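Here is a short tour of a sheet and the helices beside it. Have the viewer open as you read, and follow the topics one by one.

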Amino acid sequence: MRGRAAEVLAATEPVDDVPDSFVAMLKGRFEDRAGPRFVLFLSGGATAAACYDRAAERAEIDWSLVDVYLGDERLVPPEDPDANQRLVREHLVDPLGGVGSFTPMATEGDPAENADAYDRALRSLLSGPGIDLIHLGLGPDGHTASLFPLAPSLEETGRLCVATEDPSKRNPHTRLSVTYPLIDAARQAVFTVSGPEKHEAVRRIRDGENLPAARVASAEVRWLLDPPANGGPSW
Ligand code: 6PG
């Protein structure tokens with residue numbers, strides 16, 4: 001089984017406030033960055049939005065040095081309420097008045113061509129500064145980015161970005177998603193997990209189930225989860 005999530009999760013204590021812990025980690029990684037700039041991959045979802053609101057308020061870092069990419073996207077128009085690029089703009093880029101750069105995924109036109117275009121951008125990134133931090137969420141089914149259970153994208157070993165969808169149809173829209181080769185190239189991955197609806201997925205990963213999130217094998221993988229997600233008392 002790839003990835004060390006079960007081992008890492010077994011040693012992980014819950015945090016009181018996931019967005020605060022995310023900001024503290026982001027700040028630490030920024031200060032310890034490998035090069036002059038900081039390459040940051042972001043996610044969609046409500047937990048991510050809360051983390052980005054807090055980062056925009058409190059993360060005292062030089063955002064002009066931060067180059068932002070997306071880990072996945074729904075194939076909807078940029079201004080669609082379900083668009084991850086809209087979420088990142090509304091919760092981080094716009095409140096900050098801008099970041100070093102933001103590279104969204106093309107979402108209109110042919111999905112395969114959009115995936116190819118982002119794949120090319122990612123190859124250029126990996127042959128250059130690489131990735132300092134990728135922020136990932138966890139779905140109740142154990143998905144992360146748009147890598148869903150039983151999807152062919154889980155077995156991709158060559159491409160860095162693919163067009164994909166959820167075989168179970170529980171998660172809407174055709175998607176673009178980075179693949180494990182991209183995620184595993186990151187110097188660090190951080191999962192943010194909040195709420196009792198995620199406990200079952202967390203428990204299954206802790207028990208060694210090879211869910212998509214469990215397969216992440218970046219150089220360093222950290223989990224930030226609150227007590228309800230960890231299986232503790234729900235507030
Ligand atoms: C997406 C996300 C997805 C998300 C998780 C958690 O595009 O939907 O990238 O991977 O991070 O589903 O989302 P919530 O925090 O909303 O539960």
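Strand β8, residues 189-193, pairs with β9 in the parallel sense, over five bridges. One of the residue pairings to look up is threonine 192, whose bridge partner in β9 is leucine 224. Keep in mind that this is a predicted model.

**The sheet**
- β8 and β9 belong to an open sheet of six strands, in the order β4-β2-β1-β5-β8-β9, with parallel pairing.
- At the edges lie β4 (101-103) and β9 (221-225), each of which pairs on one side only.
- On average, and with direction ignored, neighbouring strands here are turned by 20 degrees against each other.

**A helix on the sheet**
- Helix α2, covering residues 18-31, packs on this sheet.
- The strands that α2 touches are β1 (38-42), β2 (66-70), β5 (133-136), β8 and β9.
- Between the directions of α2 and β9 the angle is about 155 degrees.

**Two helices together**
- How far apart are the axes of α2 and helix α3 (residues 46-58)? They are 8 Å apart, and the two helices pack at an angle of about 55 degrees.
- Because of that angle, α2 counts as oblique to α3, and their crossing is right-handed.
- From α2, the contact is made by Val18, Pro19, Asp20, Phe22, Val23 and Leu26.
- From α3, Thr47, Ala50, Cys51, Tyr52, Arg54, Ala55 and Arg58 take part.
- By type, the residues of the contact between α2 and α3 divide into nine nonpolar, one polar and three charged.

Note on methods. Residues are numbered from 1 along each chain as its sequence is written. This is a predicted model: local features need pLDDT of at least 70, side-chain atom pairs count only at pLDDT 80 or more; totals for chains, interfaces and linings use all residues. Side-chain values use heavy atoms; hydrogens and water are left out. Two strands pair if DSSP finds at least two bridges between them. Helices (H or I, at least four residues) and strands (E, at least two) are DSSP runs, numbered from the N terminus. Axes are lines fitted to C-alpha atoms, for helices over the stretch in contact, and angles run from 0 to 180 degrees between N-to-C directions. Contact means heavy atoms within 4.5 Å. Angles under 35 degrees count as roughly parallel, over 145 as roughly antiparallel, 65 to 115 as roughly perpendicular and the rest as oblique. A crossing is left-handed if the near helix is turned anticlockwise from the far one by less than a right angle, and right-handed if clockwise. Ala, Val, Leu, Ile, Met, Phe, Trp, Tyr, Cys and Pro count as nonpolar, Asp, Glu, Lys and Arg as charged, and the others, Gly among them, as polar.
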